[in-house]
Amino acid sequence: MGIGAASDELLGTFVPIAVYWLYSGLYVALDGVGRLDGYRLHTREEAATKNVVSKAAVVRGVLVQQAFQVIGDESGTGQKQPPALVIVLQFITAMVVMDTWQYFMHRYMHINKFLYKHIHSKHHTLVVPYSFGALYNHPLEGLILDTIGGALSFLVSGMTPRTSIFFFSFATIKTVDDHCGLWLPGNILQALFSNNSAYHDIHHQLYGNKYNFSQPFFVMWDKILGTYMPYSIEQRKGGGVESRPAKLD
């Protein structure tokens, strides 16, 4: 194996981790100067009372999951980059594969009471999501949903290690954005994808716990299998916005 190939594989492992902390850190920095209060899906008071885990514990939990992902990563062989159109098709294929795997695994973790209680409920201790809590999961959940899901996306799509750097970095940005707890005008990800922060916020609420399982790209499986909860973005009394589920109207 050449040095370049080894570098691509290492970058494919470590770049998404760096992207996670840089992108979530951007939200933290903007929040620190009070620029985001008008775009919150929940008030600061809700976050303080509903979330039952400290931010320090969340940081530790995410670092543990990322450490497991690094340990579990396997190097492949160097490959020549295909034409741009092939890379685009590989991206789309990987997105569909990842969404399919995560939908069914995620939904099963809600259906199976043992898995929910002992594994998935850890993620739902963040009733009010925020950016760097996106990967706050039980390590076993991280292995099943993220590591195995990522490996399947990589293998089925046939992408090269170099392409995977960009794909997994993009998937990381999307996951962080979906958990940012904000509805931001001009946010290109929230505009292009129906699966966004408002959509996923519904799932984190008690009334939406059995809906909106899809992540991180599309909403197709929720719509096909009847677990889609429609919503609207409304102004909240006292400032900010909220994603209001249509089923409760």
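Biologist: Which residues of α6 are buried?
Modeller: This is a predicted model. In it, the buried residues of α6 are Glu-141, Gly-142, Leu-145, Gly-149, Gly-150, Ser-153 and Ser-157.

Biologist: What makes a residue count as buried?
Modeller: Its relative accessible area must be under 20%. Of the 249 residues in the protein, 45% are buried.

Biologist: How do you know that the span of helix α6 agrees with its number of residues?
Modeller: Helix α6 covers residues 139–157, which is 19 residues. At 1.5 Å a residue, these should span 27 Å. The end C-alpha atoms are 25 Å apart, so the span agrees.

Biologist: What comes just after α6?
Modeller: Gly-158, with a positive phi of about 75°.

Biologist: How many helices and strands does the protein have?
Modeller: Ten helices and two strands. From the N terminus on, the order is α-α-α-α-α-α-α-α-α-α-β-β.

Biologist: Why is the protein called as compact as a globular protein of that length?
Modeller: Its radius of gyration is 18 Å. The globule rule gives 18 Å for 249 residues, so the protein is as compact as a globular protein of that length. Along the principal axes, its C-alpha atoms fill a box of roughly 60 × 40 × 35 Å.

Biologist: What share of contacts joins residues at least 24 apart?
Modeller: Take the contacts between residues at least 6 apart in sequence. Of these, 68% join residues at least 24 apart.

Biologist: How many side chains are positive, and how many negative?
Modeller: There are 19 positive and 18 negative side chains. The centres of the two sets lie 5 Å apart.

How values were computed: Residues are numbered from 1 along each chain as its sequence is written. This is a predicted model: local features need pLDDT of at least 70, side-chain atom pairs count only at pLDDT 80 or more; totals for chains, interfaces and linings use all residues. Side-chain values use heavy atoms; hydrogens and water are left out. Helices (H or I, at least four residues) and strands (E, at least two) are DSSP runs, numbered from the N terminus. The radius of gyration is taken over C-alpha atoms; the globule rule is 2.2 Å times the number of residues to the power 0.38. Buried means under 20% relative accessible area, exposed over 50%, partly exposed in between (1.4 Å probe, protein chains only). Contact means heavy atoms within 4.5 Å. Lys and Arg count as positive and Asp and Glu as negative; His and the chain ends are not counted. The place of a charge is taken as NZ of Lys, CZ of Arg, CG of Asp or CD of Glu. The expected span of a helix is 1.5 Å times one less than its number of residues.
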